[in-house]
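Dear colleague,

Please find below the sequence and the structure that I am handing over to you. My findings follow directly after them, grouped by the elements concerned.

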Amino acid sequence: MYPADVLALAKEKQVRVVDLRFLDLLGTWQHFSVPATVLSEEMFEDGVGFDGSSIRGWRTIDQSDMLVIPDPATAWIDPFLAQPTLVLSCNVVDTITREEYGRDPRNVARRAENYLRASGVGDRVFFGPEAEFFIFDDVRFGTGTNYGVYQIDSREGAWNTDSDEGPNLGFKVRAKEGYFPVPPTDQFQDLRTEMMLTMMEAGLECEAQHHEVATAGQSEIDLHFDTLVKMADDLTKYKYIVKNVARRHGLCATFMAKPLFEDNGSGMHCHMSIWKGDKNLFFGDGYAGLSEVALWAIGGVLKHARALLAFTNPTTNSYKRLVPGFEAPVNLAYSSRNRSAAVRIPTYSPSEKAKRFEFRCPDATCNPYLAFSALMMAALDGITNKIDPGKPMDKNIYDLPPEILKEIPSTPATLADALDALESDHDFLLKGDVFSLDLIETWIDYKRKNEVEQLMIRPHPHEFSMYFDA
C-alpha cells in the first residue's frame, strides 16, 4: 500500500481520525491522534512531531523533539473506537538529522532485515509465534509500604467448583487439563472465535484458535508465519485485538507469563526459517530433515540463548515460568518433536516450505521487534561461524538422571541472570549496526533499576507464610 492508497482507504471508510502508533523500548504500544484532515501524502515524508522524553527508555528532556514517519503498508481501520479511525504504525527519526532513532524497536527490526540481505546468507527470515494468554473475569493487585496483594478470578477457574455463583453450573477446567475440551468446559470458544475473526478483518492471517493447558481461560490463537518486521507488526496488533475484544465483553486478557501458581504459564514458541529467493535454507537431508545451515543456526541460538532471553523473556515474572521440571523448556538442547528441549524441530509436514525450528523459551511480554531481531542475529551468527549445535537430545530431558541432566546447559534462573548474560555476550547483536551498544546498555540499566531491583527490595506475601513466626 502506498500513501495514495491510504488516502483512498480513508476516504472510502469515511475516516475522521488518524491514530499514529509506535512501540516504546519495553514493548508497549504508544499512540497519539490527528484529525483526518491532516492526512496527506506529505505526512509520509515529513512525519509528525512528538515529545520523546516522555517515552520509557528514550530521550532526555533536553533532546525531546522527535518525529514519527508513518508506514503506509501498515494502514488498517481500528474496530474498537467510536469514530472511524485509521491506524498507522510508524518509524521514529531525529528531527534535525532525519536519522533513524536507534532506540526505536521497529528501526532495529528493519535494520535486522537489511543486514540479513547484506550478509548474502539469505534475503528473508520468517517467524511464526504462538502467543498464549489468559482471560480473566476479575484481577486486583497493589503494593505499598505495608501491603502487597494480588487476586485473580475466572469463571473457568478450578478453584471455583464450590463457589456460590447463583447457580454454579460446574464444568470448571481442572488444573493442567485445559487442552482441548469442548464446551461447556471450554467457556471461551465464542470469545476466541470473535478475537480470531476480528484479527482477520484487520488483515491478520490466522491458522487456528484453541484453549490452552491451564485452567482459567488460557488460550492461544496462531498466526500464519511472515517476515520479521511484518510479523512484529502483526503480533502487536494481535495483542491489541485480544485485549480489546476481551474488554468489550467485560473480561480482561493478559500475556503475563505466570499469573497463576501451580498451573502452566503462557509462552510464545517462535518458529523460524531463513530463505534465499524461493529456497528455504533450513530444508535438507540431515537430522529431522534439516540442512547444515539450519543446524548451524540452531548452534547460534543455543550458544547465545542465555543472552537472548534478556529480550525474549524480559520480565521478572517470565522466569516463574522457566522452572526446571515443569512445563517450560529450560534445557538448552535441540530435538525433533521433543517439547522438553529449548529448540524443537516440528514434524507435522515434510515439505520444504514447512521446514523450520521452534525456539520454545520466549513469552509474549517481549518486544517482538527486539526479540525477533535478536533471534535472527543469533541464528545468523551460528551460520556465518558454522557453530556446531552438538548432538540432538531425543529423549524426555525431564526424566534424565541428575548426573546427565547437569551436563545440559539451562536457561537463566532469573531476569538478573539473563541481563548479566547479555552484558557479557552481545557482540553478535552489534553486527551490521542492527542493535546499538546504547540500546543494549539502556535496556540492561532500565531493567535492573526499574524491575529487578524493585522486586528485590519488596517483601513477598509468601515470605510472611514462611518467616513471620521466626
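Helix α6 (residues 292-312) packs against helix α8 (residues 368-384) at an angle of about 140°, and their axes lie 6 Å apart. Axes here are lines fitted to C-alpha atoms, for helices over the stretch in contact, and angles run from 0 to 180 degrees between N-to-C directions. Helices (H or I, at least four residues) and strands (E, at least two) are DSSP runs, numbered from the N terminus. The angle makes α6 oblique to α8; angles under 35 degrees count as roughly parallel, over 145 as roughly antiparallel, 65 to 115 as roughly perpendicular and the rest as oblique. The crossing of α6 and α8 is right-handed. A crossing is called right-handed if the near helix is turned clockwise from the far one by less than a right angle, and left-handed if anticlockwise.

On the α6 side, the contact is made by Val293, Trp296, Ala297, Gly300, Val301, His304, Leu308, Phe311 and Thr312. On the α8 side, Leu370, Ala371, Ala374, Leu375, Ala378, Ala379, Asp381, Gly382 and Ile383 take part. Contact means heavy atoms within 4.5 Å. By class, the contact of α6 with α8 comprises 13 nonpolar, four polar and one charged residues. In this scheme Ala, Val, Leu, Ile, Met, Phe, Trp, Tyr, Cys and Pro count as nonpolar, Asp, Glu, Lys and Arg as charged, and the others, Gly among them, as polar.

Before I continue, a note on the source: this is a predicted model, in which local features need pLDDT of at least 70 and side-chain atom pairs count only at pLDDT 80 or more, while totals for chains, interfaces and linings use all residues. Residues are numbered from 1 along each chain as its sequence is written, and side-chain values use heavy atoms, with hydrogens and water left out.

From α10, the contact involves Leu415, Ala416, Leu419, Asp420, Leu422 and Glu423. From α12, it involves Ile440, Trp443, Ile444, Lys447, Arg448, Glu451 and Val452. The residues of the contact of α10 with α12 divide into eight nonpolar, no polar and five charged.

Turning to the strands, β7 (residues 124-136) is mostly covered, with 12 of its 13 residues buried. Buried means under 20% relative accessible area, exposed over 50%, and partly exposed in between (1.4 Å probe, protein chains only). Strand β7 pairs in the antiparallel sense with β14 (residues 268-276) over eight bridges, and glutamate 130 stands opposite histidine 269 in β14. Two strands pair if DSSP finds at least two bridges between them.

Two bridges join β7 to β11 (residues 219-223), where serine 219 is the bridge partner of phenylalanine 133. Strand β12 (residues 226-227) also pairs with β7 over two bridges; in β12, aspartate 226 is the bridge partner of phenylalanine 127.

The antiparallel pairing of β3 with β4 (residues 65-70) runs over four bridges, and aspartate 51 has aspartate 65 of β4 as its bridge partner.

Some backbone details in the loops also deserve mention. The peptide bond from glycine 166 to proline 167 is cis, with omega near 0°, and the bond from proline 183 to proline 184 is cis with omega near 10°. Proline 167 is found in the loop between β9 (147-153) and α4 (189-201), and proline 184 likewise lies in the loop between β9 and α4.

Glutamate 262, in the loop between β13 and β14, has a positive phi of about 65° although it is not a glycine. Its relative accessible area is 58%, and glutamate 262 is exposed. Lysine 386, in the loop between α8 and α9 (402-405), has a positive phi of about 50° and is not a glycine either. Lysine 386 is exposed, with a relative accessible area of 55%.

Yours sincerely
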